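Biologist: I'm new to this one. Could you walk me through how to read it?

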2 protein chains.
Amino acid sequence: MRLEVVNTGTELLLGQVVNTHVAYFGDQLLPLGIRIQRQSTIPDGDAIGELLKEVFPRTDVVLITGGLGPTSDDVTREVIAELLGRELRLDESLVEHIRKIFARYNRVMPESNARQAMVPDGAVVLDNPFGTAPGLYFPAEAGQHPHLFILPGPPRELKPMFQAEVLPRLKAMVEGTGRVTTFRNFRVIGVGESQLAEVLEPNLLEIGGMEIGYCARLGEVDVRVIGPTDRLDLAEALVRQHFPDQLINSDGRSLEETLVGLLTERKLWLATAESCTGGMIACKVTDVPGSSAVFRQGYVTYANEAKTELLGVPEAMLAEHGAVSEPVAQAMAEGALQRAGTDYAVAVTGIAGPGGGTPSKPVGTVYIAVACRNQETFVKRYQFAAERLGFKERTTRMAMELVRRRILGLDPNA
Amino acid sequence: MRLEVVNTGTELLLGQVVNTHVAYFGDQLLPLGIRIQRQSTIPDGDAIGELLKEVFPRTDVVLITGGLGPTSDDVTREVIAELLGRELRLDESLVEHIRKIFARYNRVMPESNARQAMVPDGAVVLDNPFGTAPGLYFPAEAGQHPHLFILPGPPRELKPMFQAEVLPRLKAMVEGTGRVTTFRNFRVIGVGESQLAEVLEPNLLEIGGMEIGYCARLGEVDVRVIGPTDRLDLAEALVRQHFPDQLINSDGRSLEETLVGLLTERKLWLATAESCTGGMIACKVTDVPGSSAVFRQGYVTYANEAKTELLGVPEAMLAEHGAVSEPVAQAMAEGALQRAGTDYAVAVTGIAGPGGGTPSKPVGTVYIAVACRNQETFVKRYQFAAERLGFKERTTRMAMELVRRRILGLDPNA
């Protein structure tokens with residue numbers, strides 16, 4: 001099945017917004033064995049008409065995003081209706097839906113929003129529970145046009161619509177062809193991409209019959225293999241053999257989901273004590289639905305006084321060793337464990353930059369401590385080369401990972 | 001000047017890597033008055049040849065990224081040389097450069113890397129101080145092809161090369177035409193995109209001579225106008241007149257940068273008390289370099305006990321009104337203000353979902369409170385329709401915005 005993506009949006013070409021749709025679609029389509037053959041971005045306005053004329057003859061499905069809003073630069077609906085020679089008609093039930101969304105916020109629907117309820121003849125309306133712009137689906141017409149899915153630009157509206165309305169339809173089309181692709185994603189933390197490839201690649205090539213891909217994010221690498229199930233099993237055994245402590249899962253769950261799952265399963269409570277990450281660890285943990293069963297409280301102790309007042313870190317210790325030090329990290333974790341009365345506590349203290357570095361503790365230095373009942377507190381120093389936000393993210397990830405390893409009795413130094 | 005971007009890279013279409021090149025180029029080109037007219041992504045391999053044949057007749061400049069690496073799927077150099085009918089010749093000084101890069105890591109250059117030193121006749125070599133793949137520039141030849149810039153895929157190699165080798169050449173081309181474009185971005189919080197457009201659009205159209213665009217994110221809308229400076233001033237006056245309380249800036253800074261800037265300027269301290277956002281407000285505030293001058297500590301009080309212990313919220317109040325209630329939000333903010341000894345404190349308590357909603361307090365309900373010295377605590381209930389992470393983000397944004405408005409004495413209800 002040939003599929004192309006067409007993104008409309010002047011903001012995508014002006015540098016204001018990074019286009020995340022393509023990676024999202026690619027990720028979602030891969031398990032169906034569908035590859036994006038080409039992706040194009042054009043500004044808001046009429047340009048989409050010309051582009052679609054080029055795209056139609058060379059593909060089976062087009063995913064179109066953006067231009068369904070209420071403002072004058074949103075013309076996707078109208079341009080496509082004209083291109084396909086369809087009349088636009090007002091769908092009263094959609095007007096009602098949009099009116100209700102405004103009413104929910106005690107607002108009256110502006111007249112300009114009524115345009116979003118205009119539906120071209122023959123189009124299937126795709127429900128948008130998170131916004132006023134419904135999506136549209138035009139089933140393919142031989143010799144005329146391929147399958148067209150038109151989706152709203154905002155990711156929070158696009159993603160649920162893609163899941164509920166687009167994916168099942170594509171699945172049905174693919175299943176019709178009898179072609180199914182299986183893949184597995186090994187998520188590994190604490191090993192570099194090249195080291196991972198150096199160890200795994202010769203062995204994976206020996207197993208053979210798989211496509212192998214790597215994707216490195218801050219402090220985390222995904223090894224993705226596509227192929228028949230029996231090969232995937234061999235690949236998984238291989239990864240488990242070489243990286244038993246670092247493989248966090250092969251089912252696509254994030255580290256925070258994995259950690260919260262583990263804590264829930266074992267009925268354990270976690271507390272956080274954060275300096276340089278400024279609340280990011282607590283935020284990631286509470287991103288997971290159901291995290292209230294494992295997380296009651298967290299401390300963001302950015303200043304020294306806060307470390308003393310909220311976590312009981314001795315002032316003398318701060319004066320002697322500095323806030324970014326092994327004893328302070330340990331005292332923070334143990335203070336949080338004791339005061340929050342949890343089973344585990346994780347603490348971080350480091351230098352996010354751009355300022356604050358010294359020769360012995362340059363920007364990127366961080367101490368992470370994990371305290372737990374009945375075990376010695378573990379503290380480790382890391383040096384993360386990344387700008388401020390990347391540093392916060394890497395530290396957050398490694399902090400969660402160290403808790404996971406402590407719970408499972410794995411080597412935290414691996 | 002017409003410009004297109006062509007990105008090659010299978011990983012961009014498989015969901016593993018988000019394409020950040022386009023936003024980077026757009027951002028860099030805007031001050032030169034150059035718009036990206038179209039952007040296309042294709043997989044590694046031969047597809048680039050076909051695509052460029054389409055692109056050549058309709059544009060003046062093409063920026064091409066990727067496919068300059070040493071592996072078998074990197075063929076951009078060869079395909080373009082063939083397309084333009086140029087011979088490839090080995091550049092010995094480039095071989096030397098690549099050898100040196102390997103030597104820096106105590107490694108011997110693999111033979112496959114010598115391919116990167118092959119230069120097509122008539123191409124200008126673009127220096128790559130951060131990697132082994134040099135870039136290439138083919139000046140336009142009338143009737144044959146537009147200006148072609150071929151750049152390496154990794155951002156840390158692409159960006160310095162773009163700055164040093166591409167931008168100055170494009171600048172020289174543009175200056176020849178005497179055309180300069182200015183733009184301004186009005187960031188507005190707490191007003192819907194359609195309401196904003198309804199009020200602004202007729203007036204902006206009356207001023208005339210500008211291009212207008214909107215970009216809505218969770219709880220925040222950017223209104224972007226492009227045109228001569230005198231029109232931009234009129235547009236800004238208009239936005240200030242109609243949305244004096246909701247316009248946060250016109251200089252592109254984020255809300256957190258704006259808020260931290262304001263607190264710093266006025267030497268004010270802020271504390272956070274978070275339930276449903278789980279630390280996200282503290283995390284956003286501390287994303288800003290220098291935030292340690294305004295932020296000492298934050299409380300993540302996810303459970304009721306934590307609200308009582310850390311913030312002094314009375315148990316009886318929690319039992320009577322529930323954790324998601326006006327009095328609890330107020331008590332959290334006032335507790336944080338008092339215990340942290342700050343000038344301002346912001347508290348949030350709400351239902352992020354997917355579970356936990358009730359008929360009177362459905363998922364998406366949140367109370368935000370801002371406490372400050374010498375002023376009554378302000379509390380407001382919001383209903384945000386978004387999934388868990390979107391809800392956290394919207395709540396975080398509105399919480400920071402309410403602090404900004406309280407500091408500036410603006411209407412928090414606007």
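Predicted model: local features only at pLDDT ≥ 70, side-chain atom pairs only at ≥ 80, totals over all residues.

Biologist: How many residues of strand 1 of chain A are buried?

Modeller: Two terms are needed here. Helices (H or I, at least four residues) and strands (E, at least two) are DSSP runs, numbered from the N terminus. A residue is buried if 20 or more other C-beta atoms lie within 10 Å of its own, exposed if 12 or fewer, and partly exposed in between, with C-beta atoms placed from the backbone. In strand 1 of chain A (residues 3–8), 6 of the 6 residues are buried, so this strand is largely enclosed by the rest of the structure. Leu3(A), Val5(A) and Asn7(A) point one way, Glu4(A), Val6(A) and Thr8(A) point the other way, and all are buried.

Biologist: And which strands does strand 1 of chain A pair with?

Modeller: In general, strands of a sheet pair through backbone hydrogen bonds, either parallel or antiparallel. The cut-off used here is that DSSP finds at least two bridges between the two strands. Strand 1 of chain A runs parallel to strand 3 (residues 61–65) of chain A, with 5 bridges joining them; Asn7(A) stands opposite Thr65(A) there. Strand 2 (residues 36–42) of chain A is also parallel to strand 1, through 6 bridges, and Thr8(A) sits opposite Ile42(A). In chain B, strand 1 (residues 3–8) and strand 2 (residues 36–42) pair in the parallel sense over 6 bridges, and Asn7(B) has Thr41(B) as its bridge partner.

Biologist: What is the order of strands in the open sheet of 12 strands?

Modeller: Read it across both chains: 6(A)-7(A)-8(A)-3(A)-1(A)-2(A)-2(B)-1(B)-3(B)-8(B)-7(B)-6(B), with mixed pairing. Strand 6 (124–126) of chain A and strand 6 (124–126) of chain B stand at the edges, each with a single partner strand, so one side of each has no neighbour in the sheet. On average, neighbouring strands of this sheet are turned by 15 degrees against each other, direction ignored.

Biologist: How many residues of chain B are in contact with chain A?

Modeller: A contact means that the C-beta atoms of two residues, placed from the backbone, lie within 7 Å. By that rule, 65 residues of chain B are in contact with 64 residues of chain A. The chain B side has 31 nonpolar, 21 polar and 13 charged residues. For those classes, Ala, Val, Leu, Ile, Met, Phe, Trp, Tyr, Cys and Pro count as nonpolar, Asp, Glu, Lys and Arg as charged, and the others, Gly among them, as polar. Strand 14 (residues 295–301) of chain A and strand 14 (residues 295–301) of chain B are also joined, antiparallel, by 5 bridges, with Gln297(A) opposite Thr301(B).

Biologist: Which strand forms a hairpin with strand 16 of chain B?

Modeller: That is strand 17 of chain B, with 2 residues between the two strands; Asn374(B) in the turn has a positive phi of about 65 degrees. Strand 16 (residues 365–372) of chain B has 8 of its 8 residues buried. Antiparallel to strand 16 run strand 17 (residues 375–383), through 7 bridges, and strand 15 (residues 344–350), also through 7 bridges. Thr365(B) stands opposite Gln383(B), and Ala347(B) opposite Ala369(B).

Biologist: At what angle do helix 7 and helix 8 of chain A pack?

Modeller: Two packed helices are described by the angle between their axes and the distance between the axes. Axes are lines fitted to C-alpha atoms, for helices over the stretch in contact, and angles run from 0 to 180 degrees between N-to-C directions. Helix 7 (residues 193–207) and helix 8 (residues 229–242) of chain A pack at about 155 degrees, with their axes 10 Å apart. That makes helix 7 of chain A roughly antiparallel to helix 8 of chain A, given that angles under 35 degrees count as roughly parallel, over 145 as roughly antiparallel, 65 to 115 as roughly perpendicular and the rest as oblique. The residues of this contact divide into 8 nonpolar, 2 polar and 1 charged.

Conventions:
Residues numbered from 1 in each chain as written. Chains lettered and ligands numbered in written order.
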